[in-house]
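Hi everyone, thanks for coming. Let me put the sequence and the model up on the screen, and then I'll talk you through a few places in it.

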Amino acid sequence: MKKKAFITGINGQDGSYLAELLVEKDYEVYGIVRRNSIAEHQESRIDHLVGMGVETEYGDLLDVSSLERMIRTIQPDEIYNIAAQSHVRISMDIPQFTVQTNALGLLNVLEAYKNNCPKARFYQASSSEMFGRSIDEDGYQRETTPMHPTSPYGCTKVFGFNMVQHYRNAYKLFASNGILFNHESPRRGFEFVSRKITSGVARIKKGLQKKLKLGNINSKRDWGHAQDYVDAMWLMLQQNNPNDFVIGTGKQHSVENFAEKAFAHVGLNYKDYLVIDKNLIRPAEVDSLLADYTKAKKELKWEPKISFEDLVAGMVESDLEIATNLKY
Ligand code: NAP
Ligand code: F7E
């Protein structure tokens with residue numbers, strides 16, 4: 001019999017790659033999407049999976065009754081809670097919505113899981129943003145690094161992380177946290193810095209935009225490719241025991257370096273186009289994220305495959321194609 005997976009956030013960046021991976025592995029895949037007034041764009045990241053074993057229904061992390069009903073009816077073998085208000089800066093503008101979705105929403109899914117199919121395995125999309133400005137002496141963050149979040153988003157993810165551990169310990173559930181560092185792809189939302197840069201580069205190259213406005217270009221991130229990271233999510237649920245794992249590349253680049261590489265890919269010098277806009281600087285910033293993923297490498301046998309250079313090049317190429325076809 002085919003395995004069944006239930007994914008919240010299936011139409012987001014990670015959810016779409018995860019659904020693709022699970023279809024390849026011959027799972028039946030179920031997901032919830034929120035009702036949106038522009039329904040025709042809503043499933044653009046997963047349109048190609050329709051008829052391939054992926055089914056979606058309207059749902060919301062905040063709508064307990066539909067979550068309960070779906071989990072009870074589907075009886076999934078694996079539940080991936082990927083949905084969230086995932087933007088750190090925006091979490092400072094809409095903190096209450098962010099807390100409701102990421103914290104109470106996660107709790108709603110955990111309860112639906114515990115009450116309706118406790119034998120399933122559960123994945124929670126935790127984040128390196130939970131560490132905030134906390135860095136070990138060697139410059140890395142790892143599973144044991146103290147968590148001092150510096151955004152409403154980070155606070156909600158610490159809540160989720162602790163809740164998952166609590167449910168695992170108290171109710172003996174197979175519930176794991178993936179502590180994922182930044183990961184990007186051509187499917188990344190346009191308001192994250194990587195995609196803002198690559199779409200800006202493509203539009204500048206095609207004469208559709210003149211300048212690229214950014215905030216803090218000195219912050220450093222450990223950027224990987226989302227496609228590699230969904231492999232790690234799946235691997236976590238195939239282990240003998242639930243656990244928590246840091247997932248990253250162990251390499252770090254500044255925002256400025258990302259921009260430099262993206263512009264260089266199309267033969268332009270970023271210094272001719274980059275404008276610093278003080279309004280884009282955050283009230284609180286995480287300066288440096290760098291993953292020590294030794295535990296995942298050892299126990300999951302997971303390693304990132306796509307390099308930073310290929311990630312940037314692939315995103316610019318994809319955005320050049322979009323800019324050429326004016327598909328914005
Ligand atoms: P994303 O592209 O923003 O996708 C988020 C998904 O959650 C979308 O499908 C969104 O649906 C859905 N969603 C939001 N609020 C919801 C609600 N109330 N009910 C149901 N669905 C809701 O994010 P991502 O980059 O794929 O990230 C996936 C997860 O990993 C998130 O939990 C994020 O916080 C976490 N994470 C991401 C990174 C990263 O670098 N990408 C790193 C660490 C952790 P709509 O399209 O309707 O908004
Ligand atoms: O910012 C700086 C900004 O919004 C990266 C989410 O997936 O990863 C992501 O959160 C850096 C920050 O990602 C602009 O100040 C400069 O230092 O792409 P970002 P993030 O905040 O690191 C974590 C791990 C998650 O879990 C989150 O879900 O870039 N920056 N100028 C800018 N950032 C944005 N967005 N826009 C700018 O114009």
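This is a predicted model: local features need pLDDT of at least 70, side-chain atom pairs count only at pLDDT 80 or more; totals for chains, interfaces and linings use all residues.

Residues are numbered from 1 along each chain as its sequence is written, chains are lettered from A and ligands numbered from 1 in the order in which they are written, and side-chain values use heavy atoms, with hydrogens and water left out.

So, ligand 1. It has 24 residues around it, and those that come nearest are Asn11, Arg34, Ile82, Ser86 and Tyr153; being near here means having a heavy atom within 4 Å. Among the polar contacts (pairs of N or O atoms within 3.5 Å), the side chain of Arg34 places an N or O atom 2.7 Å from a ligand oxygen. Asp60 uses its side chain too, with an N or O atom 2.9 Å from a nitrogen of ligand 1. Ile82 takes part through a backbone N or O atom, 2.8 Å from a ligand oxygen. On its own, ligand 1 has 890 Å² of accessible area, and the protein covers 89% of it (Shrake-Rupley, 1.4 Å probe).

Which elements give two or more residues to this shell? They are α1 (13-24), β5 (121-127) and α6 (152-171), and β5 gives the most, with three residues. Helices here are DSSP runs of H or I with at least four residues, and strands are runs of E with at least two, numbered from the N terminus.

On to ligand 2, which is surrounded by 21 residues, the closest being Ser86, Ser127, Ser219, Arg282 and Glu285. Oxygen atoms of this ligand lie 2.6 Å from a polar side-chain atom of Glu285, 2.8 Å from one of Lys196, and 2.8 Å from a side-chain N or O atom of Arg221. Alone, ligand 2 exposes 700 Å², and the protein buries 95% of that.

Last, have a look at α5, residues 95-116. Its 22 residues reach 30 Å from first C-alpha to last, close to the 32 Å expected at 1.5 Å a residue, where the expected span is 1.5 Å times one less than the number of residues. The helix bends by about 30° at Gly105, taken as the angle between axes fitted to the seven residues ending there and the seven starting there. Gly105 is also one of the buried residues of α5, which include Leu106 and Tyr113; buried means under 20% relative accessible area.

Key
A polar contact is a pair of N or O atoms within 3.5 Å; within protein, one must be able to donate a hydrogen and the other to accept it, and residues adjacent in sequence count only if both atoms are side-chain atoms. Buried means under 20% relative accessible area, exposed over 50%, partly exposed in between (1.4 Å probe, protein chains only).
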